[in-house]
Amino acid sequence: MHATTRSVRPLAASEVDEFTHETDVLVIGFGCAGAAAALEADTAGARTILLERQSGGGGSAALSGGEIYLGGGTGIQQACGFTDTPAEMEKFLLAALGPDADADKVRHYCHGSVEHYEWLVAQGVPFTPSLWDSPTWVPPTDDGLMWMGENAYPFCDLATPAPRGHRVTSDGFGGKVLMAVLSDAIAASGVAVHTDTAVQRLMVEGDRVVGVSARHFGETVTYRARRGVVITTGGFADNTAMLAQHAPQLVSLGVNSDGGDDGRGIRMAQAAGAAIRHMSAGQVGISLIPGMMVRGMIVNELGQRFINEDVYPGLVGQAALFKHGLRVWVILDEKGYEEVPENERWGVVPHFVAESVSELEREVGMPDGALQNTVAEYNRYAGEGIDPYFHKSARWLRPLQAPFAAIDVRKGIAPPEYGAAGGGGAEVFTLGGLCTTVDGAVLDLDGEAIPGLFAAGRATSGLHSWGYISGTSLGDGTFFGRRAGAAAS
Ligand SMILES: Cc1cc2nc3c(=O)[nH]c(=O)nc-3n(C[C@H](O)[C@H](O)[C@H](O)COP(=O)(O)OP(=O)(O)OC[C@H]3O[C@@H](n4cnc5c(N)ncnc54)[C@H](O)[C@@H]3O)c2cc1C
């Protein structure tokens, strides 16, 4: 049989004399979406095999912050005293993930969110019922609920705000806890896990996907799936050629992944006729400390603000990268810097300090007067608690006073979880992928479901089109993973 191959063209099942393994449902990739798909397929009574290229499950999900976007009145929202409804959650997500977020998926996701929260809790995923109440990437505490910019303009005017960032209980990044719990659930289920098994190509019979061919320790192994194949192989941020083809603005940046987002699952499905969607979209984890940015401002190389600083920082990152080439600086004063507790600074110290804005502007290399105008305008209104330009919350408004500081975002930051690694102006992952229905069926170029083929997670275009809110990846991966697993079985 075929050795390791770069080709992703599907193989005809008729070429295989005898399949190495047979099952009902085959799930490719043991990250959060694959675990959820396999668990639901198993619950539905399907014999299920979960294939994983690495020696164990986890994927990028195990490295993640463990923030899961949930709402509509979950147990910990209620325990923290917040009222929420699926309709308000839906309004927020349509605005924040758009333009052209997948309205069908967003509706199902919001209306199924309380049930999904309860499913996660039933698997053993821990959430602590307390609120972390200020802007950050990942809180240094184990608080289970956080704002994701729902209370920031313009979103607070579009939907009744409620905090919906649900954090898996952990000091720091909670993805490892999430995946440990889901791995335990898989181990306790009837799902068979085949690790060290890298899927290379789909197998087809006519227009139906009936299995895969994979490599396992130098050998080719074949799998027949009687009911369905579910692709949950993650995104394509580690595949430079694919980035260059679809999302050139993401090339040469740091990548937020386990290093295995090579897009092969997407390409295997494309080769079987699958359509793709929103391939240019990306999450941009901009290298700044949100607590510093909200206490000051973010400006471009002309010294101009360009966004409300208290929206979800990923939206700031997208604006900074796509509109300003990451040539952006956080400007704040000493008081603002000192107000950010040390354990939230992630080691970030100002790159420029000056006694006056004109001096700071010169040091950074901005045009004469540019930053001075911006700070003067900001200060003119900040004393009254208003921001007529970008409507930052009054909570963060105060006239900036000498001494001043500037942080060059392109110098990067290193989250404590990374140790000495990290850096660069931003770390990105892709949001586009296979075009799927709310039940995970992969659609072809005519918009018809490809028989036997399903997908979920970052291998698909999920809730998002252009925008991103933290928690929607683990969220849509597990939510639509479950639906794909159930549908496949
Ligand atoms: C540092 C960091 C922080 C993050 N924080 C958050 C957060 O707080 N909230 C959030 O929602 N998102 C977060 N994300 C993003 C999130 O982790 C990913 O988007 C999410 O894990 C995608 O889930 P997935 O199941 O689609 O893919 P993954 O979790 O990456 O799993 C894919 C699996 O498929 C396997 N695989 C790939 N190709 C093959 C193949 N050919 N054959 C067999 N197996 C294969 C991979 O080895 C991997 O195990 C973060 C990411 C990182 C890196």
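A polar contact is a pair of N or O atoms within 3.5 Å; within protein, one atom must be able to donate a hydrogen and the other to accept it, and residues adjacent in sequence count only if both atoms are side-chain atoms. The model is predicted: local features need pLDDT of at least 70, side-chain atom pairs count only at pLDDT 80 or more, and totals for chains, interfaces and linings use all residues. Residues are numbered from 1 along each chain as its sequence is written, and side-chain values use heavy atoms, with hydrogens and water left out.

**Exercise 1. Describe the interface of domain 1 and domain 2.**

Step 1. Domain 1 covers 11-62 + 176-271 + 430-488, domain 2 covers 67-172, and domain 3 covers 284-426. These bounds come from an automatic or database domain assignment.

Step 2. Count the residues. Domain 1 gives 32 residues to the contact and domain 2 gives 29. Contact means heavy atoms within 4.5 Å.

Step 3. Take the distance and area. The C-alpha centres of the two domains are 25 Å apart. Domain 1 and domain 2 bury about 2500 Å² between them, with 68% of it on carbon and sulfur atoms. Buried area is the accessible area (1.4 Å probe) that two parts lose on being put together, summed over both.

Step 4. Find the polar pairs. The rule gives 14 residue pairs in polar contact across this interface, both residues at pLDDT 80 or more. On the domain 1 side, the elements giving two or more residues are α1 (32-43), α7 (175-188) and α15 (472-488). The most comes from α15, with 9 residues. By class, this side has 15 nonpolar, 12 polar and 5 charged residues. Ala, Val, Leu, Ile, Met, Phe, Trp, Tyr, Cys and Pro count as nonpolar; Asp, Glu, Lys and Arg as charged; the others, Gly among them, as polar.

Step 5. Count the salt bridges. There is 1 between domain 1 and domain 2. A salt bridge needs a side-chain nitrogen of Lys or Arg within 4 Å of a carboxyl oxygen of Asp or Glu. Arg482 and Glu115 meet in a salt bridge, at 3.0 Å from N to O.

**Exercise 2. Find the backbone exceptions in the loops.**

Step 1. Recall the rule. Most residues other than glycine have a negative phi, and most peptide bonds are trans.

Step 2. Look between α3 (86-96) and α4 (103-111). Pro99 sits in this loop, and its bond from Gly98 is cis, with omega about 0°. Asp100 lies in the loop as well. Its phi is positive, about 70°, although Asp100 is not a glycine.

Step 3. Look between β6 (145-146) and α6 (155-158). Pro154 is found there. The bond from Tyr153 to Pro154 is cis, with omega near 5°. Helices (H or I, at least four residues) and strands (E, at least two) are DSSP runs, numbered from the N terminus.

Step 4. Look between α11 (313-324) and β16 (328-333). Leu326 lies in this loop and has a positive phi of about 65°.

**Exercise 3. Is Leu326 buried or exposed, and which residues of α3 are buried?**

Step 1. Apply the cut-offs. Buried means under 20% relative accessible area, exposed over 50%, partly exposed in between (1.4 Å probe, protein chains only).

Step 2. Leu326 has a relative accessible area of 4%, so Leu326 is buried.

Step 3. In α3, Glu88, Met89, Glu90, Phe92, Leu93 and Ala96 are buried. The buried residues of α3 pack against β4 (67-69), α4, α5 (113-123), α6, α11 and α15.
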